Amino acid sequence: MVFSLDLSPSLATVDVQSGEIVIDEVYLVTKQCLEGITKPFTIPDSRCVMQPEIYLTVIAHTPFFTSLAQQVLVRWLITADNVNSLTQYVEKQLYLLEERVATVTAIANQQLENLRAESEGLVGRLFEESSNCLNKNNCNISMVSPEASFVNMLRYGMLAF
């Protein structure tokens with residue numbers, strides 16, 4: 001199994017119903033799912049008890065955090081015996097990744113603020129160029145479509161298999 005955890009910046013918001021930060025809920029739901037899929041169960045109409053052993057890869061998908069490869073948090077053979085140690089390890093890795101993303105975001109925001117302060121005169125020219133773009137069909141503005149993040153998550157998940 002591959003778990004591709006979406007760690008978009010929108011998950012840094014607070015859920016108004018529970019008062020929790022949404023990114024913390026991602027970990028809790030992942031933990032509950034892993035505990036559920038590793039529980040031993042009885043095969044219907046038999047006495048045979050199955051104890052799942054699942055090869056698991058957990059990927060943290062951070063769409064605006066550029067890296068050479070997506071963050072693979074763990075590759076593990078998960079069983080009912082080691083699910084607690086796995087979830088603790090994933091939690092620690094998520095916190096480390098969260099700290100790195102916060103640090104990089106702070107640096108990027110500071111650099112953007114510095115660039116804005118240096119190029120205040122550029123704003124007028126940007127509006128002139130954008131009005132020219134409205135009149136021309138060949139004006140090229142680079143934008144990422146909203147479904148690109150989802151497609152990338154699927155691609156990384158398939159590559160993880």
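In what order do the three strands of the open sheet stand? The order is β1-β4-β5, with mixed pairing. Strands here are DSSP E runs of at least two residues, helices are H or I runs of at least four, both numbered from the N terminus, and two strands pair if DSSP finds at least two bridges between them.

Before I go on: this is a predicted model, where local features need pLDDT of at least 70, side-chain atom pairs count only at pLDDT 80 or more, and totals for chains, interfaces and linings use all residues. Residues are numbered from 1 along each chain as its sequence is written, and side-chain values use heavy atoms, without hydrogens and water.

β1 and β5 (71–78) are the edge strands, each pairing on one side only.

Take β1, residues 2–6. F3 and L5 point to one face and are buried, that is, under 20% relative accessible area with a 1.4 Å probe, counting protein chains only; exposed is over 50%, and partly exposed is in between.

Between β4 and β5 the sense is antiparallel, over seven bridges, with Y55 opposite L77 of β5.

Now the helices. α2, residues 83–118, lies across β1, β4 and β5 and runs at about 180° to β5. Helix α4 (residues 148–160) packs on the sheet and touches β1 and β4, its direction making about 150° with that of β4. Contact means heavy atoms within 4.5 Å; angles run from 0 to 180 degrees between N-to-C directions of lines fitted to C-alpha atoms, for helices over the stretch in contact.
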